[in-house]
Amino acid sequence: MFERFLPLDPLEANCTDNPMLNCDVLLLHTVYVNMFLSFCFVSGTAAMNERQYRDMPTHGIGRWRHLLLKQPKKKKDRNQQKELVSATDTAYGTLNVTVSGYDMTVVEHYSQYIHNFCNRLNIKVADSYALPTKSTEVLLMQEQGNKTYVDAVLKTHQRVIQLSSLNASLCPVFMDVILKNQPEGVQLSVQEHTEADYQARFKARPELEGLVAQINQ
Amino acid sequence: MAAPCRKMASRSYSQLLCCFSRTAVGSGACRRFSVTPIDRATPRASTAADRATSPWSLMAAVCLQRLPVITADCSPIEQRFKQMLQQMELEKSMLSDHELRLMEDAERMSRRQADDYDSDEDLGDQEIMMTQDLEDTWEQRLKNFQPAPRVRADVDEDLTSVQRCLTDSLVLLAEQQVGAEKLWLLPQAAWQEGETLRRTAERALDSMTAGVRATFLGNAPCGVYKYKLPKAARTESSVGVKVFFFKAILVDGTPGSAPTAPLLWLKKSELQKYLKPAYMMNVGRFILNL
């Protein structure tokens, strides 16, 4: 190993007859060992803090990760649909808590609050995403004429927190707290999650639909 | 996924779709709610042989809450912090479109007033309405708007009014005959065969108040209180009573034209004066003081 990184083999330098030089060589050896540690690239062989003596017969005795079969890296698809949990006698199924309002900071902070609250109560949060913003134009009639003019543009922001299952005994407590902490100007809605809700998040693909219609004709 | 299969159980099971909105005061002093139950499985009647007869009789009570309508006032520290944050945000923020237009207009005016003004330089159409005039009209409209008073002292004093103390959440209390005496309690009713405890609580609410619409927050009770009957009234089959509490949120503001029992809307701090100490200790555990 040493030969790869260092031109000089310190072991040969060790064999000197002069005992005075040996201590210097020992120091040199220590320095080279430290450098070896810093070049150590095999994963999981040893912690950087442990000293590994290559000459020791037990060198690398704890290594096991090289024995495992290499697993193929699977591509993590983030937009895979999560399993829809069905309701049981004691728990609700997949629920969507939707927070919507005009003020984005308030809406986002409230949704973060709900998420943290769920974590604290050990309610499993399946997903937490935002729906597209909807813009509403407010048109007012002019005082003098009949024409309307654009007065304001209001943007409605929506954030959804998907809970995978909610215990029925915990539900009143959970609902009570989030209702009491609801800020002004924010609408809260708790609904069951359906397949249609999931499909509504995708954009329509007109070419694909056209081709499918052509095939079906 | 395969269609979910629901097992029939002795308790009824209903799914709630709740929609809570905190918008401007539309109907009185309450938030608007919409509840759509999507599934209600009928309960399987439990036969007498299933249950061992217990000396405790069951009752269900409803903890009806009216949520706050307006924001609570900030404490002095909160006010100072809010001011500081607003100042920081103002200083860090960029100029808005309106402010940019104001600046452009001012610059254009100053250019026009200058001695060496050339009218050909002024390209583009003149805006009919200057931005400053727009701002003045908005200011005028704001002055014409009169908001309702936040706190009305006379309404706050009236304990039976549902519009009192708009910044706090209130709980409904009813005076009921229990045994020989009249007590102030959360509205309760005795459980009957074949109905769920939640249904009992709904019945209790309907009997105490007429025409009040409330959303129950779940099928599971939030608390229980049991008391033994006084020794004189105890028999073989009835030792005491267990009361299960269910939480509900007020939807409609009107408690009905003629309530059968005297009703009170109280804050949590005021409950102590009306409830018995043991009862208060139990009930205070699940009424949140938020």
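Analyst: Helices here are DSSP runs of H or I with at least four residues, numbered from the N terminus. With that convention, Glu99(B) is placed in helix H2 of chain B. The model is a predicted one.

User: Is Glu99(B) buried, partly exposed or exposed?

Analyst: Buried requires under 20% relative accessible area and exposed requires over 50%. Glu99(B) has a relative accessibility of 36%, and therefore counts as partly exposed.

User: What distance separates the C-alpha atoms of Glu99(B) and Thr131(B)?

Analyst: Along the chain, Glu99(B) and Thr131(B) are 32 residues apart.

User: Which helix of chain B do the buried residues of H2(B) pack against?

Analyst: Helix H2 of chain B covers residues 97-113 and reaches 24 Å from its first C-alpha to its last, close to the 24 Å expected at 1.5 Å a residue. Its buried residues are His98(B), Asp105(B) and Arg108(B). Viewed down the axis of H2(B), these fall within an arc of 85 degrees, so they line one face of the helix. The helix against which the buried residues of H2(B) pack is H3 (131-144) of chain B.

User: Which backbone oxygen does the side chain of Gln176(B) reach?

Analyst: Gln176(B) is found in strand S6 (residues 170-178) of chain B. With a relative accessibility of 9%, Gln176(B) counts as buried, because the limit is under 20%. Leaving aside residues up to four places away in sequence, Gln176(B) touches several residues, including Glu181(B), Leu185(B), Pro187(B) and Met208(B). At 3.0 Å, its side chain reaches the backbone oxygen of Gln188(B).

User: Which element gives the most residues to the largest nonpolar core?

Analyst: This core has 26 residues, of which Ile114(A), Phe174(A), Ile178(A) and Leu188(A) touch the most other members. Strand S2 (95-101), helix H4 (104-120), strand S4 (148-163), helix H5 (171-180) and strand S6 (186-192) of chain A each supply at least two residues of the core. The element that gives the most, with 6 residues, is H5(A).

User: How many residues does the second, separate core have?

Analyst: Among the members of this core are Met59(B), Leu186(B), Leu229(B) and Met280(B). The second core has 23 residues.

User: What share of the contacts in chain A between residues at least 6 apart in sequence joins residues at least 24 apart?

Analyst: Chain A has 7 helices and 6 strands, in the order α-α-α-β-β-α-β-β-β-α-β-α-α along the sequence. Buried residues make up 27% of the 217 residues in chain A. Of the contacts in question, the share joining residues at least 24 apart is 68%.

User: Which element of chain A has the lowest mean pLDDT?

Analyst: Chain A averages a pLDDT of 81, and 75% of the residues score at least 70. Over residues 1-8 of chain A, pLDDT stays under 50, and the model has 11 contacts beyond four places in sequence for them. Where pLDDT is low, the predicted coordinates should not be read in detail. Among the elements of chain A, H4(A) has the highest mean pLDDT at 96, and the lowest, 47, belongs to helix H1 (residues 2-5) of chain A.

Definitions and conventions. Residues are numbered from 1 along each chain as its sequence is written. Chains are lettered from A and ligands numbered from 1 in the order in which they are written. This is a predicted model: local features need pLDDT of at least 70, side-chain atom pairs count only at pLDDT 80 or more; totals for chains, interfaces and linings use all residues. Side-chain values use heavy atoms; hydrogens and water are left out. Buried means under 20% relative accessible area, exposed over 50%, partly exposed in between (1.4 Å probe, protein chains only). A polar contact is a pair of N or O atoms within 3.5 Å; within protein, one must be able to donate a hydrogen and the other to accept it, and residues adjacent in sequence count only if both atoms are side-chain atoms. Contact means heavy atoms within 4.5 Å. A nonpolar core is a set of buried Ala, Val, Leu, Ile, Met, Phe, Trp, Tyr and Cys residues joined through side-chain atoms within 4.5 Å. The expected span of a helix is 1.5 Å times one less than its number of residues. The arc is that of the directions from the helix axis to the C-beta atoms. pLDDT is the predictor's confidence in each residue, from 0 to 100.
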